[in-house]
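Keep the view open beside the text and follow along.

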Amino acid sequence: MATKPRIKLDKPQAKKGDIVEVKALVQHIMESGQRKGSDGKPIPRKILNKFVCTVNGKEVFSADFEPAISANPYIQFHFRAMESGPVVLTWTDDDGSKIVGEDKITVS
Amino acid sequence: MKLQVNRRQALGVGAGALAVAMGGFSTVAHADKKMADEAIATFSGGKTPVTGKVKLDLPEIAENGNTVPMTVSVDSPMTEQSHVTELLVLAEGNPAPGVIRFHFSPASGVAEASTRIRLAKTQDIVALAKMNDGSVFMATKQVKVTIGGCGG
C-alpha cells in the first residue's frame with residue numbers, strides 16, 4: 001500500500017549555510033483508533049508514529065506523530081545546507097514497517 | 001414560496017441527521033484540561049512556561065476538523081549556543097491531548113515546521129518550545145471547529 005512519498009526541496013542546489021525548505025507528503029490512512037466500524041467495534045489504531053529526516057546520514061529534523069495528525073500526513077521543515085548528499089525521509093508505521101523517500105542536495 | 005419552505009425543511013432534516021451523527025462521537029472521552037496540564041508539566045520538567053517566542057499559526061475557524069493546517073515557529077537563532085530542542089503541540093479538546101512533537105537541532109537551521117492536524121471540536125491549541133538551556137516558552141491559540149475531526 002505504501003506509495004512513493006512526494007518530496008520537494010525549495011532549492012536542490014544551495015550555497016553552504018543556506019536554509020533549505022523541505023515539503024513532503026505521504027499516503028497513509030492514519031487510523032486514529034477512535035473510530036468505530038459499521039459493526040460497532042473500534043477500528044484499531046494504525047498511524048505513522050515517527051518521522052526522521054537525515055541529510056548525508058546526519059539527522060536534521062524529526063517528529064513524533066500522534067493520532068491527531070491528518071490522514072496522508074504533510075510535513076514541512078527546514079535544514080541548514082552544509083554538505084552535498086542524499087536527503088532521506090523515513091516514516092515509521094505502528095506495525096514497524098517503514099516508508100522511505102529520497103531526494104538529494106548539492107551544496108556549492 | 002412553497003419551494004422555499006421545502007428546502008428549509010430539507011435543510012432542517014439534514015442538520016438534525018448531522019447532529020445525531022455527531023452525537024455518536026461525543027461519547028468518545030475527550031482529554032480534559034488536567035491531562036493537557038500533566039503533559040505540559042512533564043514537558044517543562046518543573047519550569048513554568050513563559051508566554052512568548054513561539055508563534056502558532058492556525059486558522060481562526062476550521063471548517064473541517066479533519067485537516068487543519070498548522071505552522072509553528074520559534075524565534076531562535078538556532079546556533080550551538082542557543083537553539084530549540086523540542087516543540088510539543090497539544091490539543092486540549094481532543095480524545096488525547098498529544099498532537100505532534102518536533103525535534104530540532106542547529107542543523108535544522110530554523111525552528112519552524114508545518115503539518116495538518118485533526119481537531120475534534122472548538123478548543124485551545126497549546127505549543128510549547130524547549131530551549132537547549134532548559135527554558136520553556138509557549139503560545140496558545142483558539143480554533144473554532146465547524147465539523148469535528150474526531151474520528152469522523
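## A pairing in chain B

Let us begin with E2(B) and E4(B), which pair in the antiparallel sense over four bridges; two strands count as paired if DSSP finds at least two bridges between them. Within this pair, B:Lys55 stands opposite B:Ser73 in E4(B). Helices (H or I, at least four residues) and strands (E, at least two) are DSSP runs, numbered from the N terminus.

This is a predicted model, in which local features need pLDDT of at least 70 and side-chain atom pairs count only at pLDDT 80 or more, while totals for chains, interfaces and linings use all residues. Residues are numbered from 1 along each chain as its sequence is written, chains are lettered from A and ligands numbered from 1 in the order in which they are written, and side-chain values use heavy atoms, with hydrogens and water left out.

## Strand E4 of chain B

Strand E4 of chain B covers residues 68-74 and is mostly covered, with five of its seven residues buried. Here buried means under 20% relative accessible area, exposed means over 50%, and partly exposed lies in between (1.4 Å probe, protein chains only).

E4(B) also pairs with strand E7 (residues 112-117) of chain B: six bridges join the two, and they run antiparallel. One place to look is B:Thr71, whose bridge partner in E7(B) is B:Ser114.

## A sheet across two chains

Now zoom out. Which strands make up the open sheet, and in what order? Six strands form it, in the order E1(A)-E3(A)-E6(A)-E7(B)-E4(B)-E2(B), with antiparallel pairing. The edges are strand E1 (6-9) of chain A and strand E2 (54-57) of chain B, each of which pairs on one side only. On average, neighbouring strands of this sheet are turned by 15 degrees against each other, direction ignored; the axes are lines fitted to C-alpha atoms, for helices over the stretch in contact, and angles run from 0 to 180 degrees between N-to-C directions.

On the chain A side, strand E3 (residues 19-25) and strand E6 (residues 74-80) pair in the antiparallel sense over seven bridges. A:Leu25 stands opposite A:Tyr74 in E6(A).

## Chain A as a whole

Chain A has zero helices and eight strands, and its C-alpha atoms fill a box of roughly 60 × 20 × 20 Å along the principal axes. Of its 108 residues, 44% are buried. Among contacts (heavy atoms within 4.5 Å) between residues at least 6 apart in sequence, 57% join residues at least 24 apart.

The accessible surface of chain A is about 5500 Å², and carbon and sulfur atoms account for 51% of it. Such areas come from the Shrake-Rupley method with a 1.4 Å probe; for residues, only the protein chains shown count as cover.

## Chain B as a whole

Chain B has two helices and nine strands, and from the N terminus on its elements run α-α-β-β-β-β-β-β-β-β-β. Buried residues make up 43% of its 152 residues. Of the contacts in chain B between residues at least 6 apart in sequence, 66% join residues at least 24 apart.

In helix H2 (residues 33-44) of chain B you will find B:Lys33. Its relative accessibility is 46%, so B:Lys33 counts as partly exposed. The C-alpha atoms of B:Lys33 and B:Ala91 are separated by 9.6 Å, although the two are 58 residues apart along the chain.

## Residues to visit in chain A

A:Asp64 lies in strand E5 (residues 58-65) of chain A. Which residues does A:Asp64 touch, not counting those up to four places away in sequence? They are A:Asn49, A:Lys50, B:Val99, B:Ile100, B:Arg101 and B:His103. The C-alpha atoms of A:Asp64 and A:Phe51, 13 residues apart along the chain, are separated by 6.4 Å.

Most residues other than glycine have a negative phi. Phi of A:Asn56 is near 55 degrees, a positive value, and this residue sits in the loop between strand E4 (48-55) and E5 of chain A. A:Asn56 counts as partly exposed because its relative accessibility is 32%. A:Asn72 has a positive phi of about 50 degrees and lies in the loop between E5 and E6 of chain A. At 38% relative accessibility, A:Asn72 counts as partly exposed.
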